[in-house]
Amino acid sequence: MFEALSDRFEGIFGRLRNRGRLSEDDIDEVLREIRVALLEADVNLRVVRSFQNRVREALVGEDLSRALNPAQQVIKAVHQELVNTLGGETVRITFATRPPTVVLMAGLQGSGKTTTSGKLARWFKSQGRNPLLVAADLQRPAAVEQLRTLARQVDVPVFSAPDEVIRSGTGDPVEVARQCLAEATRLGRDVVIIDTAGRLAIDAELMEQVRQISEATQPHYTFLVVDAMTGQDAVNVAEAFHATLSLDGVILTKLDGDARGGAALSVKEVVGKPIAFASTGEKLADFDLFHPDRLAGRILGMGDVLTLIEKAEQVYEHSEAEAAAEALLEGRFTLEDFLQQMQQLKKMGPLSGILGMMPGVPKEVRDAQIDDSHLARIEAIIRSMTTAERADPTVIDASRRGRIAKGSGTNPQEVQALVGQFNEVQRLMKRFGGFGSKRSKGSRKDRKNDKKKGKGATRGGGRVTTRGPVAVPNINLEELAEKEKAKRPGGGLKLPGLDL
Amino acid sequence: MQLAVIALVALLVLGLLAAGVVVVRHRSKVVAAPRQRRVSGPPTPAAPAVTQPRTSPHVAPAPSEPDAQAGVEVLAEGPVAEPAAPAPVVELVEPFEVAPALRPSFRDRLSKARDAIAGSFRAILARTSIDADTWDELEEALIKADVGVELTMELLDTLRLRAKDESITEPDRLLDALKAQLKARLAGADRSLRLEAGAPNVWLFVGVNGVGKTTTIGKVGHQQAEQGRSVLMAAGDTFRAAAAEQLETWAERAGADFVRGAEGGDPSSVVFDGVQRAAARGVELVLADTAGRLHTKSNLMDELTKVRRVAAREPGRLTEVLLVLDAVTGQNGLVQAQQFTQATELTGVVLTKLDGSAKGGIVLAIEARLGIPVKLVGLGEAIGDLVEFDPDEFVDALFD
């Protein structure tokens with residue numbers, strides 16, 4: 001299965017040490033890896049090719065001899081190119097001088113148009129506007145009902161055909177569209193969002209219908225709604241819709257899954273219009289303007305650091321976290337601290353989700369069945385300990401173990417294992433925190449960690465830290481965070497070093 | 001710095017997991033996770049209200065032979081014919097013969113799509129000898145069909161050996177060999193839908209959002225009802241706005257029984273009620289809808305495991321768990337199948353929306369890697385457009 005791109009690059013660049021510039025052949029090899037990575041992310045083959053060419057140009061002149069880590073340098077170049085491709089100008093929603101501002105939603109069946117229409121209505125409301133939702137999907141049973149339910153949730157009116165017409169299934173969406181502008185004016189709504197039925201791009205009849213809707217309403221913005229899971233076909237779809245409707249932008253949905261979202265790149269490339277919004281969850285609030293840099297990392301399989309940092313900020317007390325990290329690296333980390341940190345972690349959502357966003361986590365780990373109920377077990381064990389035991393687990397003897405096991409509904413072996421592992425991990429962390437990285441070869445724990453970290457990770461020796469005395473050869477998280485914050489493109493890049 | 005702590009704690013937890021402190025238990029043991037994604041309204045886990053089918057006049061469950069022995073006859077003609085005994089595979093050969101004239105062929109349906117994308121294969125066939133470009137074009141075609149890089153490479157490696165062995169030199173023969181290789185891979189899988197006599201059979205439909213689960217159930221229900229089987233649809237999607245209404249419309253059209261729950265209610269209880277009701281009324285087939293969910297949401301996947309468990313409980317008999325997959329899905333489809341089968345032990349895949357320009361090649365990877373066969377294919381919006389998967393036509397269409 002897919003390994004992080006960085007891992008693959010490590011292999012190539014391992015052979016290149018001290019050679020400075022990349023040869024033609026080296027570049028070809030790098031580009032092949034990039035190609036595979038992009039194809040696995042569902043970027044369209046055609047788009048991959050043109051992208052490869054641009055990266056080649058960027059790489060040919062590049063002097064990598066002085067780069068600390070040529071692999072990272074190359075990934076940075078690729079990432080930058082991706083950000084450029086995905087980004088460019090961002091959509092600026094301006095409002096019509098003579099309201100209403102009309103927004104038309106189009107796309108395949110099941111891409112999420114109706115839900116997105118609801119979300120968009122909410123977004124416009126948050127911008128101080130008064131949207132009107134128009135249900136022009138008279139095809140799918142109960143589509144109108146779905147839009148009405150969503151509209152109730154965001155408190156926005158819905159305009160559609162009369163109920164008996166909807167039920168009869170003979171309603172004409174073009175007619176609905178024709179009337180909706182007058183209705184908006186009558187109700188004093190300044191934004192109109194038209195939800196259309198899903199249609200196949202090759203269905204000439206339905207494409208003609210949506211064209212007529214567009215003609216009747218003269219939308220200021222026509223958005224194509226694209227599912228992040230879409231494969232190679234995204235290009236054909238985008239081309240067809242663009243040819244019919246002349247799109248103004250794209251809305252990417254279902255980004256909360258684990259699809260790498262390469263379709264976005266394909267669509268952007270083909271249509272040449274920006275990706276305006278991204279939908280990142282089922283809640284109506286999970287919807288915002290699109291951030292190209294985040295998706296770029298994701299397409300390359302590098303995790304979503306910025307989102308992770310944002311989430312962390314929502315739940316973590318900065319100073320508290322800092323203290324904990326310091327304690328961890330200095331070996332003063334107790335079970336009590338661990339419990340606290342674990343609870344913070346839990347607030348950020350399921351562990352698997354967090355791991356998924358963490359760059360450099362090998363796929364096997366990410367895909368591992370991590371059930372958050374395991375956290376509950378660990379928690380139960382720790383909670384069954386006295387304060388003294390938490391501070392110094394070495395005092396736990398057989399009798400205490402038995403008590404803890406009883407208290408937590410586990411068994412003494414599990415308690416023992418937890419304590420044993422905790423000690424071992426703690427010792428390891430302490431070593432990370434210290435200067436050397438003389439890893440004792442062959443210990444079970446070390447091997448285990450190696451596995452988790454992927455190849456490149458352990459090589460550099462001590463690394464992740466807060467600040468202060470610890471030597472950090474290739475990454476400083478704080479700096480990274482700052483950079484990400486400053487939206488300096490490419491900030492999220494030094495990922496190989498980050499993979500704890 | 002927060003990130004470091006998170007990473008370390010996560011690692012610590014992982015270390016503990018890996019060390020086996022917390023034995024990874026079977027998923028089904030952890031269904032406690034509360035449903036957390038409600039957007040509005042308080043959770044109403046009340047017992048689902050059973051709606052009387054509005055179409056009672058023509059619901060009359062399969063007037064002719066609703067009794068158990070009918071099973072035998074049914075088996076011979078139905079698309080879903082498979083008795084408990086594994087023997088009569090032969091009888092499965094002719095599915096959906098109900099209206100043979102109406103059965104759309106891949107070719108008819110797909111020709112529309114194929115016009116839209118000029119066949120890259122004409123170029124291959126135009127060549128006189130096999131060269132690097134030929135191989136590139138084959139690779140391209142497979143990748144463009146969403147087969148995935150890994151499987152594509154595997155297929156082509158095998159093909160290279162074969163080409164050498166059989167000293168194939170013409171591009172068109174090479175293409176034929178590739179097709180044959182793909183068809184051979186797909187041959188032999190049991191693609192029949194299981195229906196056992198006696199207890200109400202339950203077919204559970206799962207999948208991510210927007211793939212067409214509800215529509216698929218509507219069509220399957222309709223077809224089954226047309227074949228004289230009594231059908232009940234259980235609106236297990238209690239989450240999406242108006243999903244139950246959508247299914248109800250289908251149930252009305254199909255003249256099927258219909259059971260729904262309170263919006264936001266527990267889907268397991270809806271399925272439970274559906275099975276109970278089916279058992280009480282002697283209904284043969286329960287089609288259970290579920291809310292679309294991303295396979296990454298562990299609490300929702302746990303919920304699905306529970307639904308599965310409830311559906312399998314007496315008096316019901318869970319005979320199919322079908323993953324509904326949109327043909328437009330790319331490489332993520334494999335991950336979806338993996339996760340859904342882990343949660344619910346899939347018995348098959350329904351590939352929808354194949355009448356578009358997408359080719360649905362990811363199902364090849366799903367069959368190759370997970371051994372889950374494609375059973376049904378959606379070729380259009382009409383009820384009759386849901387047909388049994390035909391490997392040969394599917395493979396031919398990949399290269400059209």
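## Exercises on helix packing and a sheet

H2 of chain A passes H3 of chain A in a right-handed crossing. The model is predicted.

**Exercise 1.** Describe how H2(A) and H3(A) meet, from axes to residues.

*Solution.* 
1. Find the helices. H2 of chain A covers residues 24-40, and H3 of chain A covers residues 45-60.
2. Compare the axes. They come within 10 Å and cross at roughly 145 degrees.
3. List the contacts. H2(A) contributes residues including A:Ile27, A:Leu31 and A:Leu38. Among those they meet in H3(A) are A:Val48, A:Phe51 and A:Leu59.
4. Sort the contact residues. They divide into 12 nonpolar, 1 polar and 2 charged.

**Exercise 2.** In what order do the strands of the chain B sheet lie, and which strands form its edges?

*Solution.* 
1. Trace the open sheet. Its 8 strands run E3-E2-E4-E1-E5-E6-E7-E8, with mixed pairing.
2. Go to the edges. E3 (257-260) and E8 (386-388) of chain B each pair on one side only.

**Exercise 3.** Which strand sense links E6(B) to E7(B), parallel or antiparallel?

*Solution.* 
1. Take E6 (residues 348-352) and E7 (residues 374-378) of chain B. They pair in the parallel sense over 3 bridges.
2. Pick one bridge. B:Leu351 has B:Val377 in E7(B) as its partner.

**Exercise 4.** Which strands does H14(B) lie across?

*Solution.* 
1. Locate H14 of chain B at residues 362-370.
2. Name the strands. H14(B) lies across E5 (317-326), E6 and E7 of chain B.
3. Check the direction. H14(B) runs at about 175 degrees to E6(B).

Definitions and conventions
Residues numbered from 1 in each chain as written. Chains lettered and ligands numbered in written order. Predicted model: local features only at pLDDT ≥ 70, side-chain atom pairs only at ≥ 80, totals over all residues. Axes fitted to C-alpha atoms, helices over the stretch in contact; angles between N-to-C directions. Helix = DSSP H or I, 4+ residues; strand = E, 2+ residues; numbered from the N terminus. Left-handed = near helix turned anticlockwise from the far one by under 90°. Contact = placed C-beta atoms within 7 Å. Nonpolar A, V, L, I, M, F, W, Y, C, P; charged D, E, K, R; others polar. Pairing = 2+ DSSP bridges.
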